[in-house]
Amino acid sequence: IVHILNMTSAKIVSFLLHPEESLHSLQNRIEFETGISPGNQELLLETGICLDPRKPASQCVIDGVRGWDSYMVYLFDKSKTVYDGPFASRSLSDCVNYIVQDSKIQLPISQLRKVWAEAVHYVIGLKEDYSRLFQGQRAAMLSLLRYNANLIKMKNNMVSASQQLKAKLEFFHQSIRLDLERYSDQMAYGISSEKMLKAWKEMEEKASQCAQAEDIGYLDEQIMALHTEIVELQKSPYARRQGEVMESLEQRAIDLYKQLKTRPPDHAYSDSTDMVKIIVQTVQSQDRVLKELFGHLSKLLGCKQKIIDLLPEIEVALNSIKEADNSVMQMQGKRQREIWHLLKIACTQSSSRSLVSSSLEGTASTPAAAWLPQSSSGSAAPDDGASFADVIRENVNYLELFGSILQEARQEQSSMLVS
């Protein structure tokens with residue numbers, strides 16, 4: 001048997017669980033009794049843990065010292081965040097109602113004992129009703145703290161990711177500014193590409209747009225305000241049991257009954273003024289503490305709903321930060337590849353110039369030797385036409401080689417800029 005305390009009506013509904021019955025089946029039965037749809041039902045254990053829909057309904061009942069049939073499960077309506085009653089006290093029995101209507105009526109002691117016994121039972125029941133509802137409020141508080149712990153964990157992940165993104169963006173901006181400065185310095189004597197320069201400036205603008213993802217200040221403020229609100233709720237006197245007055249009235253009712261039992265059951269009569277006064281005070285005390293309890297409970301549920309609303313926003317912000325982080329890293333990698341490609345082209349051109357320079361130096365000395373043959377006196381004299389033709393052919397070969405090297409360098413530069 002599972003006992004469900006409906007926190008929206010302060011009434012208990014009990015169900016006999018069938019073997020291996022699913023939680024969904026139990027929720028359908030709860031809907032029939034309470035009118036709360038399964039989608040809006042939140043079933044909490046005393047520890048604030050929500051029942052797992054993947055497990056059977058028997059998870060509602062645990063073995064313990066108190067007995068398997070005394071465990072309570074607390075039902076909340078997720079579509080409501082304000083529980084304002086009115087919550088009527090449990091009904092009086094006919095005989096107790098009789099003395100409440102006329103407390104001065106004289107009854108035989110033997111009959112009065114039975115009536116007062118039921119009156120004591122009624123007073124004890126009012127206190128127990130409050131205790132169960134307070135335990136439901138406590139379960140709601142523990143559930144709220146579980147949600148808050150998850151919120152804090154997600155917030156810490158979000159702040160950490162935001163700080164990492166901020167650091168990467170600062171590094172990226174400093175790097176690209178330095179690259180643009182060095183690029184401008186070497187344009188006069190090095191390699192230049194308007195297309196690449198435009199792409200780098202677009203990267204810088206895109207990185208500035210990515211900085212918007214790291215702005216989580218508005219979420220951080222909401223989370224901190226909510227955290228402060230939860231701390232205040234924990235400190236509230238209404239977060240602690242307020243049944244001292246009812247417990248005192250309970251003890252007074254018991255003492256009155258014990259005094260009545262000591263009186264001899266002769267033909268004496270007595271009225272019920274003192275007992276009725278205790279009943280009325282207990283009902284009034286319960287009304288007061290229940291109003292405070294459900295006011296506090298409504299604040300707890302309001303905070304919980306704020307957390308539920310915040311969690312998707314944090315998830316969206318976290319995804320935006322991750323996307324911006326990936327974008328920055330991709331732009332950084334692309335720019336570095338382009339710089340290395342430029343370096344390759346520059347090295348190729350430098351090698352080509354060195355090769356051509358050395359070749360031209362060699363050809364400059366060769367024709368001189370060919371044109372100025374050695375004489376016995378050391379003076380130079382022109383050679384014949386065949387040697388001059390060889391020099392011309394050699395120079396033409398070197399020029400063709402230089403032209404092919406330059407063409408290869410231009411093709412590599414063009415392919416890099418296109419990519």
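The second largest pocket holds about 300 Å³ of space. A pocket here is an open set of points on a 1 Å grid over the protein atoms alone, where a 1.4 Å probe fits, with protein on both sides within 12 Å along at least five of seven lines; lining residues have an atom within 4 Å of a point. The model is predicted, so local features need pLDDT of at least 70 and side-chain atom pairs pLDDT 80 or more, while totals for chains, interfaces and linings use all residues. Residues are numbered from 1 along each chain, and side-chain values use heavy atoms, without hydrogens and water.

Of the 21 lining residues, Gln41, Glu42, Cys50, Lys78 and Tyr147 lie nearest the centre of this pocket. Helix 7 contributes the most to the lining, with four residues. Because domain 1 (1–80) and domain 2 (81–352) both supply lining residues, the second largest pocket lies between them.

| Element | Residues |
|---|---|
| Helix 1 | 23–34 |
| Strand 3 | 41–44 |
| Strand 4 | 72–77 |
| Helix 7 | 273–371 |

The axes of helix 2 (residues 94–101) and helix 3 (residues 109–186) come within 9 Å and cross at roughly 95 degrees. Helix 2 is therefore roughly perpendicular to helix 3 (a term for angles of 65 to 115 degrees). Cys95, Val96 and Ile99 of helix 2 meet Val115, Trp116, Glu118 and Ala119 of helix 3, where contact means heavy atoms within 4.5 Å.

Terms used. Axes are lines fitted to C-alpha atoms, for helices over the stretch in contact, and angles run from 0 to 180 degrees between N-to-C directions. Helices (H or I, at least four residues) and strands (E, at least two) are DSSP runs, numbered from the N terminus. Angles under 35 degrees count as roughly parallel, over 145 as roughly antiparallel, 65 to 115 as roughly perpendicular and the rest as oblique. Grid points are joined across faces, edges and corners, and a volume is the space filled by probe spheres set on the points. Domain bounds come from an automatic or database domain assignment.
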